[in-house]
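Colleague: Please take me through the terms used for this fold. For each one I would like to hear what it rests on.

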Amino acid sequence: MTAITRTSYFEPIVPAPNPPVEGGPGPIGSLRLLVTFARNPLEATNAAHYEKPFAQLRFFGQMTTVLNDPVLIRHFLVENAANYRHGEIRQAVLRPALRDGLLTSDGETWRRARKAMAPVFTPRNVHGFAASMRKTAEAFAETLKPGKALLAPAMSELTYRVLSEALFSGEISGDTEAILADVALFLEMLGHPDPLDVLRVPAWVPRPTKLRGRSSMKRLRNRVRALIEAREKRLEAGETLPRDFATLLLEAGRGTENAFSHDEIEDHLITFIGAGHETTARGLAWTLYLLANDPVSRTRIEAEIDALDMDHIAEQDWLDALPFTRACFEEAMRLYPPAAAIARVAIREDNCNGVVVPAGSTVLVNTWILHRHHLLWERPDSFDPERFMAPVRDRIDRFAYLPFGLGPHICIGASFAMQEAAILLAVLIRRFRFDYAGDKPPWPVMRITVQPDNGMPMTITAR
Ligand code: HEM
């Protein structure tokens, strides 16, 4: 529980949970729920789930245990994680695109890759990207014009540019606009499960909804492949290469049995594109929206950022030097977790404190619900960055706040994303103020990420 330090807070408008139905929703209710769920899972949540430590539901014969209790979450997803694998629908949607990347591999393939990836994401390597993050953000800020603009696509473009520098140092072939268009189509494909996936139709049956995304995926893969091959030749010739992810992956375990093959490097780089920029972009857009509605926090974050000596403090230290900025981003990810569903399927039956999870059934942590749970948060629906300021933040249970997931599959890019968020917010807020300019509040919709339905129109003013 957190301390209350103010009397009024901004409470964003979000989908209201559905009232519980005595005896379950019945066939018609279930069908209606399925349609709502397909449109926007955030509109299909149940009010009871915000009050109870767990809930078990049957949905078209499939049992799901929704976990909202830190003790249960810790047991099922951390202590007994070896008993769980990724869910079938998630894999059917993501695997054709991401193949054996870290997000979609399972079992021994995943274990080996995760271990081999550890040296790539060391604090030293992540810090090494900080100066380039700032440079990219400053260059982007130069192109931002005061006036009305859609913030959500702008943040996706900015975070893609940051990630692309970190992955390839700008050496990928093709112009950025064409690549961005392909990445957008690729992400759209990932974000829309085909009905055939939901119905568990075998993978060899063509998915009509995926055709457009498939050709952009192919172009993207060809570009990444060409870059890996060019780098390999340079590495063999003894050239000094840029210290980016492409080089780090080529070098990881080189000459040993732990080295990645070119196919694996391609899958990992494609996965980073899929997992590593839209998530951060959503977090940034929601942060700026919440700040636009909370003058007290906005004044405070502006003061903190204005006081930062950007010329003398190294960019890698900005995250620690900006505790309130960090708190605003963390609070935005509490209210709008960018990747809100963590689902696993039990291999064998499991039991914690009498909660029995049958073999083959799903356990789900829906962080949209967990982060607004009435037993875990005071004023769960209010924007209150103070919760994440020391020392009050120590009262937040480790398993009650999970924007980056948990257990063995915890986000490998978390420290990259946090460092990036602080740098990008500092550069943008130092120069601009963002005021919400929509006719109605942005409605959150969950695709793969939690995104605004209207692109988030903002009036941008130079400060
Ligand atoms: C604010 C930004 C981000 C958020 C909220 C986020 C969230 C998450 C979450 C919740 C998971 C766990 C998924 C699961 O357990 O099913 C995850 C995994 C992952 N994330 Fe992130 N992520 C972010 C940024 C990044 C970045 C910048 C990268 C790469 C540069 C990245 C790469 C990955 C990968 C590869 C995995 C799979 C890890 C594994 O299964 O071993 N993410 N992320």
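Colleague: In what sense do E4 and strand E12 (residues 457-462) pair, and over how many bridges?

Modeller: E4 and E12 pair in the antiparallel sense, over four bridges. The model is predicted, so local features need pLDDT of at least 70 and side-chain atom pairs pLDDT 80 or more, while totals for chains, interfaces and linings use all residues. Numbering starts from 1 along each chain as its sequence is written, and side-chain values use heavy atoms, with hydrogens and water left out.

Colleague: What counts as a strand or a helix here?

Modeller: Both are DSSP runs numbered from the N terminus: a helix is H or I over at least four residues, a strand is E over at least two.

Colleague: What is the order of the sheet of three strands, and which are its edge strands?

Modeller: The order is E4-E12-E9, in an open sheet with antiparallel pairing. Strand E4 (147-150) and strand E9 (432-436) are the edges, as each pairs on one side only. From one strand to the next the twist averages 35°.

Colleague: Which helix lies across E4, E9 and E12, and at what angle to E4?

Modeller: H7 does, running at about 70° to E4. H18 also packs on the sheet, where it touches E9 and E12, and its direction makes about 90° with that of E9. Such angles run from 0 to 180 degrees between N-to-C directions, with axes fitted to C-alpha atoms, for helices over the stretch in contact. Contact means heavy atoms within 4.5 Å.

Colleague: Why is H7 described as roughly antiparallel to H12?

Modeller: Helix H7 (residues 151-168) and helix H12 (residues 262-276) pack at about 160°, with axes 10 Å apart. That makes H7 roughly antiparallel to H12, since the term covers angles over 145 degrees; under 35 is roughly parallel, 65 to 115 roughly perpendicular, and the rest oblique. The crossing of H7 and H12 is right-handed, that is, the near helix is turned clockwise from the far one by less than a right angle, anticlockwise being left-handed.

Colleague: Which residues of H7 meet H12, and how do they divide by class?

Modeller: Tyr 160, Leu 163, Leu 167 and Phe 168 in H7 meet Leu 269, Phe 272, Ile 273 and Gly 276 in H12. They divide into seven nonpolar, one polar and no charged. Ala, Val, Leu, Ile, Met, Phe, Trp, Tyr, Cys and Pro count as nonpolar, Asp, Glu, Lys and Arg as charged, and the others, Gly among them, as polar.

Colleague: Why are H7 and H18 called oblique?

Modeller: H7 and H18 pack at about 125°, with their axes 12 Å apart, and are therefore oblique to each other. H7 passes H18 in a right-handed crossing. From H7 the contact uses Met 155, Leu 158, Thr 159, Val 162, Leu 163 and Ala 166, and from H18 Phe 416, Glu 420, Leu 424 and Leu 428. By class there are eight nonpolar, one polar and one charged residues.

Colleague: What angle do helix H13 (residues 278-292) and H18 make, and what is that called?

Modeller: The angle is about 45°, with the axes 10 Å apart, and H13 and H18 are therefore oblique as well. Their crossing is right-handed.

Colleague: How many strands form the mixed sheet, and in what order?

Modeller: Five strands form an open sheet in the order E1-E2-E8-E5-E3. Strand E1 (54-59) and strand E3 (84-86) are its edges, each pairing on one side only. E3 and strand E5 (residues 341-346) pair in the antiparallel sense over three bridges, and Tyr 84 stands opposite Ala 346 in E5.

Colleague: What makes Cys 411 a donor to the iron atom of the ligand?

Modeller: Its SG is 2.3 Å away, and Cys 411 is the single donor from the protein. Donors are N, O and S atoms within 2.8 Å of the metal (3.2 Å for Na, K and Ca); water is not among the atoms, so sites may look incomplete. Cys 411 is found in the loop between helix H17 (367-370) and helix H18 (414-431).

Colleague: Which peptide bond is cis, and what is its omega?

Modeller: The bond joining Ala 390 and Pro 391 is cis, with omega about 0°. Pro 391 lies in the loop between H17 and H18.

Conventions. Two strands pair if DSSP finds at least two bridges between them.
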